[in-house]
Amino acid sequence: MAEYIGFIIPIVIVVIIIISIFIAEKNKFVRYSNDIRNSKSSIDVYLKQRFDLIPNLVEVVKGYAKHEESLFKEVVEARNRYNQTESIKDGVETNNDLNKIIALGEGYPELKANENFLDLQKQLAKMESQLQAARRVYNSEVNTYNNAVMTIPSGWFAKLYGYKQEEYFEAKEEEKVNTEIKL
Amino acid sequence: MIEIDKLCEELKDKYDLPLKAEHEQVSFYQKVQTALIICIVAAILINGFIMIFNHGGYEIFSGMLIIVGLVISIVVVLVVFGFISGKKVQEYNRKYTNSVGKEMLSKYYDNVNIYDGDAFGYEELFNSVGYQESYNEIWCDKQIDLKYKGKDIKLMQLDVSHETTDKDGNTEVETIFYGLFIEVDLGYKIGTKMSIVENYNLGIGKDKLEMDSKEFEDSFNVYTDDKVKSMQLLTADVMETFKQMYQNASLGFNVSFVGDKLFIRINRADSLFSYGTEEVIEKKYINEDMQDLYLITAIIDNIDYAVEANHVL
């Protein structure tokens, strides 16, 4: 037995190192995925907080912008759709419609002067800033994760453990224009 | 940013004459001190040569004794002279800080107060940030109380080090931090512990925040308890300012937020308001000091703006 010790010990050390690498890589991807999941859920929280203000906003704007009935209907439908699916894509669309309603204030001076509208605008502006920050956090984390999935050697482990690239939370061009809410 | 050439001219007009005599005296003391040290080194070297190239003999032995006696005499003169010179330098340093330094500070700040003793409890303040560094020596050279746009600022020139002694009795001193340590009372709480640091050792905040600017990440790491709040604060403009400031600062800086306080650590090679030996007002030192004094205001301005524009509170 003693003559095999010199041979077995290096093999055991190599096996331990290899297993440690596999465990470390697995843990890395678990950590990245958890970070992305957390960021996604904070986006969801901020979107829901914003969308909770939709009924109040529609109520206030309705009195001044009667011709925008289709937009009001659209935003309520989009919000319901988002509540059912909770997909980021639907969230982006609803948020986009919501910003269109806020932008209506520019075309109706009386609406712009309404205290309730101003208060809602303030709340929405704060939430929009939080949402944008949450989106940046999410995209940065997806970027780190995707880099790990796409580069060698961590990409080999990603494939082994079944981790795939994640999609970025991209704001539509139209939304990008409308997100700046002037106070 | 203040124009340095213009400021130097202004300071020269005002302080060249009143400080000239004392500056010359201090320069003289420093030059004599250097000359004495050179003499000691030269005498030791000569003694060494005598030992190497001659082999004994009464005359040689006597020569060596004379040189040893000479070295001891110069050392005694140097110690006495060093004591007197130290006092003079200290006095001049105080005078320079209270006149030229105060004038420089007043270019950016209000209510400038320079203290001699431990006015702020600098060690407690330094510890209150929660840096994960160990040190056993902390020394404060300057303490200055300031106001900027109504915010209270405490500025300290610190020397923080860790002294270890091994089992053979050899002592090693590692510098942990040398430079300016600044506490700013923001007047509002951003609602998260956060740090923007070069070195992970200085990071406070439980998570590392992945940033969306590679250039920013090349210089800084961000640690925070609330990623969204920190991202709201670190807009593209704020990151750009930090990058520019980092490029201008010769030795780097770190920023931390704890409660309603902002802490800035600026690494430096020389003490704040160091003076040269050639002239009363030396552009090199004025430029370095003004750069760091401006950095503090630029960080405060950027943070204030981002907090308001992005509804962080």
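Mentor: Buried area is the accessible area (1.4 Å probe) that two parts lose on being put together, summed over both. Between chain A and chain B this area is about 1200 Å², and carbon and sulfur atoms give 56% of it. The model is a predicted one, in which local features need pLDDT of at least 70 and side-chain atom pairs count only at pLDDT 80 or more, while totals for chains, interfaces and linings use all residues. Residues are numbered from 1 along each chain as its sequence is written, chains are lettered from A in the order in which they are written, and side-chain values use heavy atoms, with hydrogens and water left out.

With contact meaning heavy atoms within 4.5 Å, chain A contributes 15 residues and chain B 14 residues. Across this interface there are 8 residue pairs in polar contact, both residues at pLDDT 80 or more (a pair of N or O atoms within 3.5 Å, where within protein one must be able to donate a hydrogen and the other to accept it, and residues adjacent in sequence count only if both atoms are side-chain atoms). On the side of chain A that touches chain B, the elements giving two or more residues are α1 (2–51) and α6 of chain A (helices are DSSP runs of H or I, at least four residues, numbered from the N terminus). Of these, α6(A) gives the most, with 11 residues. By class, that side of chain A divides into 6 nonpolar, 5 polar and 4 charged residues.

The two chains also share 2 salt bridges, each a side-chain nitrogen of Lys or Arg within 4 Å of a carboxyl oxygen of Asp or Glu. In one of them, the side chains of A:R136 and B:D212 meet at 2.7 Å, N to O.

Methods:
Ala, Val, Leu, Ile, Met, Phe, Trp, Tyr, Cys and Pro count as nonpolar, Asp, Glu, Lys and Arg as charged, and the others, Gly among them, as polar.
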